[in-house]
Amino acid sequence: MSEEKQLAFETRALHCDGHGKPMHAHVWPIFQTSSFVFDSPEHGRALFAGEQQGHIYSRLGNPTVEALENTVKELEGGHASFAFGSGMGAITCSTMPFLHAGEHIIVGDTLYGCTVDLFHEHFHQYALEVTAVDTSSMDAIKSAWKPNTKMIYLETPANPTNKISDIGEIAKFAHERNALVVVDGTFSSPYFLKPLKLGADMALHSVTKYISGHGDVVAGVLTVTTEDQAKICRGWRKVTGGLLGPQDAFLVLRGIRTLQIRMERIQQTALTLAKWLHDHPAIEKVNHPGLEDFPGHDIAMKQMSGVGGTFSFTMRGGYEAAKRLLEEVKICTVCVSLGSVDTLIEHPASMTHACVPEELMIKQGLTKNMVRISVGLENVEDLKADLAQALEKCEKPKA
Ligand SMILES: Cc1ncc(COP(=O)(O)O)c(C=O)c1O
């Protein structure tokens, strides 16, 4: 693929799963098989001994899943990618096998709810020390640093406030101290953000979101930059068993074929809506990195080639208004997840981030009057009209 590395993203998204597919298939077939047949006992022995390359058992590797992994590896510009049955599987693999009891991890104070839960409710069971900081501030990272800090983990843009952290600056600081940097880039997809090119050691995505893009798969992918990291991930996934199934890998591969065109259109619609909401009397604040008055705007413009379609906003009418908005929308679907072809709307404080401890919610500005929207491919005027009619009702008492 080295000559294809020069090709544009959309061309690579269509072609980097490789030519010469099995049985002359045009698209990758679904290898729906648990095991692979050995030619002879000697063949089986050699495969297990690592003396020959080949497939053994689908928990260890499956051709359809590998086609997806190779595609993501090329799009991220990494050394190897690992597909999991969920984004949380990728997050667990990016952290747990890389940390040892007694070590310290600095994590962003704004992360997806279950990621917060993993770090704050479970890591202490393994004697891992966790400090949550505002990763948009280098001073905050510097003050949280300890002699046993081994990793910085962050989301940028972060869910749900779109907080932006400077990956290059953070990676420089961490690498001078021999620590790893892991970035969850779910909100922007590899089309708009390339964390590894900016210096991160590992990049991951909830593939459930933009990468698959149709709201019909739960999956995750982790991309690493060295063979040592790849060996750790291979070993971890083999024994913890989180490999993605081949049917889901097939659906994700299909989604990737339109990633670029979806992201471009979604970005355009989301920015139009964010600007319109920004000036709407029922709205207090809009958290969208494309808005010039958004705190992380300049860094977002520097490190991303575009901004995604998921953003949050707060309602002047408080929690009641946020709830009413969700009750009144007709085209936007009230549903968690994001990155689908259709527009989804939710209330982070009581849904995706309900498990975040209250003091962390306050620290990151996740208020009860906040609504998160993941803009889809509907016509922008239809979405605006839907939100406008619902917002109008939020300003009036319920009949
Ligand atoms: C930013 C982010 N990372 C990770 C996850 C977890 O992904 P999954 O639900 O695929 O396990 C989510 C889920 O919403 C998310 O929003």
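Reader: How are α13 and α15 oriented to each other?

Author: Keep in mind that this is a predicted model. The axes of α13 (residues 318–328) and α15 cross at roughly 140 degrees and come within 8 Å. Only angles over 145 degrees count as roughly antiparallel, so this pair gets another label: α13 and α15 are oblique.

Reader: Thanks! Which residues of α13 make the contact with α15?

Author: Start with the crossing, where α13 passes α15 in a right-handed way. On the α15 side, the contact uses Leu387, Gln389, Ala390, Leu391, Lys393 and Cys394. By class, the contact has six nonpolar, one polar and three charged residues. The α13 side is made by Ala321, Arg324, Leu325 and Glu328.

Reader: And how is α11 oriented to α15?

Author: Here α11 spans residues 259–278 and α15 spans residues 380–394, and their axes come within 10 Å. The two axes cross at roughly 30 degrees. Angles under 35 degrees count as roughly parallel, so α11 and α15 are roughly parallel.

Reader: How many charged residues are in the contact of α11 with α15?

Author: Let's look at both sides of this right-handed crossing. From α11 come Thr269, Thr272, Leu273, Trp276 and Leu277, and from α15 come Val380, Leu383, Lys384, Leu387, Ala388 and Leu391. Sorted by class, there are eight nonpolar residues and two polar ones, and the number of charged residues is one.

Reader: What about α4 and α5: how far apart are their axes?

Author: These are residues 87–95 for α4 and residues 113–122 for α5, and their crossing is right-handed. Met88, Ile91, Thr92 and Thr95 of α4 meet Cys114, Thr115, Leu118 and Phe119 of α5. That contact has five nonpolar, three polar and no charged residues. The helices pack at an angle of about 35 degrees, and their axes are apart by 11 Å.

Reader: Stepping back, what is the radius of gyration of the whole chain?

Author: The chain has 15 helices and twelve strands. For 399 residues the globule rule gives 21 Å, and the chain's own value is close to that, so the chain is as compact as a globular protein of that length. Its radius of gyration is 22 Å.

Reader: Last one: what share of the residues counts as buried?

Author: The C-alpha atoms fill a box of roughly 75 × 50 × 40 Å along the principal axes. Among the chain's contacts with a separation of 6 or more, 73% join residues 24 or more positions apart. Of the 399 residues, the share that counts as buried is 55%.

Terms used. Residues are numbered from 1 along each chain as its sequence is written. This is a predicted model: local features need pLDDT of at least 70, side-chain atom pairs count only at pLDDT 80 or more; totals for chains, interfaces and linings use all residues. Side-chain values use heavy atoms; hydrogens and water are left out. Axes are lines fitted to C-alpha atoms, for helices over the stretch in contact, and angles run from 0 to 180 degrees between N-to-C directions. Helices (H or I, at least four residues) and strands (E, at least two) are DSSP runs, numbered from the N terminus. Angles under 35 degrees count as roughly parallel, over 145 as roughly antiparallel, 65 to 115 as roughly perpendicular and the rest as oblique. A crossing is left-handed if the near helix is turned anticlockwise from the far one by less than a right angle, and right-handed if clockwise. Contact means heavy atoms within 4.5 Å. Ala, Val, Leu, Ile, Met, Phe, Trp, Tyr, Cys and Pro count as nonpolar, Asp, Glu, Lys and Arg as charged, and the others, Gly among them, as polar. The radius of gyration is taken over C-alpha atoms; the globule rule is 2.2 Å times the number of residues to the power 0.38. Buried means under 20% relative accessible area, exposed over 50%, partly exposed in between (1.4 Å probe, protein chains only).
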